[in-house]
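I opened my notebook to look up a few things in this protein chain. Here is what I wrote down, one entry at a time.

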Amino acid sequence: MEISKNGLDLIRKWEGQATHLYYDAAGFPTIGIGHLLTKSEGASGKIIINYETVRIRDGLSDKQCLQLLMQDLKEVEDAVNLYIFAELNQNQYDTLVSFAFNVGVYAFKESTLLKLLNQLQYDQAPAQLRRWIRSGGQIINGLITRRENEIKLWETKEVKE
């Protein structure tokens, strides 16, 4: 599966967009639409977007922000497609991509949410998502709201066109 426009819109809404470097709620250097700088990007001051080297201090265009998000989502989508064996509808898939993008692929892979879904316990997803509301050990109101938005999408019946 691939993320839909609804899924992208959800991620963009909650991540926001910054054309210049900032530090997220946990203090990590971030740019674009939720892109955490790698150690090498931070050290070099450069980021590669679609095979083009961009100096971070120059900032990113809106187009580059979206390209970087799509580049980052590739790893996340690959993980959701690889580790989830349960059948998902598009809204459920989009929810999991948003969640995994936010918490990281490793945390997603190790989560009880993943284990329960692979046991076909779909009804446990909302409670499991609600557990992930901390950053840097602190409860973050924005994460509470984000999880509720993800749950709403999870529970929305897919409309067939």
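**Contacts along the chain.** I began with contacts, meaning heavy atoms within 4.5 Å. Among contacts in the protein chain with a separation of 6 or more, 55% join residues 24 or more positions apart.

**Ground rules.** I noted that this is a predicted model, where local features need pLDDT of at least 70, side-chain atom pairs count only at pLDDT 80 or more, and totals for chains, interfaces and linings use all residues. Residues are numbered from 1 along each chain as its sequence is written, and side-chain values use heavy atoms, with hydrogens and water left out.

**Overall build.** I found 8 helices and 7 strands in the protein chain; these are DSSP runs numbered from the N terminus, with helices (H or I) of at least four residues and strands (E) of at least two. The radius of gyration is 16 Å, close to the 15 Å from the globule rule for 161 residues, so the chain is as compact as a globular protein of that length. That radius is taken over C-alpha atoms, and the rule is 2.2 Å times the number of residues to the power 0.38. The C-alpha trace spans about 45 × 40 × 25 Å along its principal axes.

Of the 161 residues, 43% count as buried.

**The core.** Which residues have the most contacts inside the largest nonpolar core? I wrote down Ile47, Ile84 and Leu96, in a core of 36 residues. Such a core is a set of buried Ala, Val, Leu, Ile, Met, Phe, Trp, Tyr and Cys residues joined through side-chain atoms within 4.5 Å. Helix α3 (62-83) is among the elements giving two or more residues to this core, and α3 provides its largest share, 7 residues. I also looked up Ile47, whose contacts beyond four places in sequence include Ile31, Leu37, Val54 and Leu68.

I found Gln92 in helix α4 (residues 90-103), buried at a relative accessible area of 12%. Beyond its neighbours within four places in sequence, Gln92 is in contact with Glu87, Tyr122 and Trp154. Next came Leu143 in helix α8, which counts as buried at 12% relative accessibility. Leaving out residues up to four places away, Leu143 touches Asn102, Trp132, Ile133, Arg134 and Ser135.

Conventions:
Buried means under 20% relative accessible area, exposed over 50%, partly exposed in between (1.4 Å probe, protein chains only).
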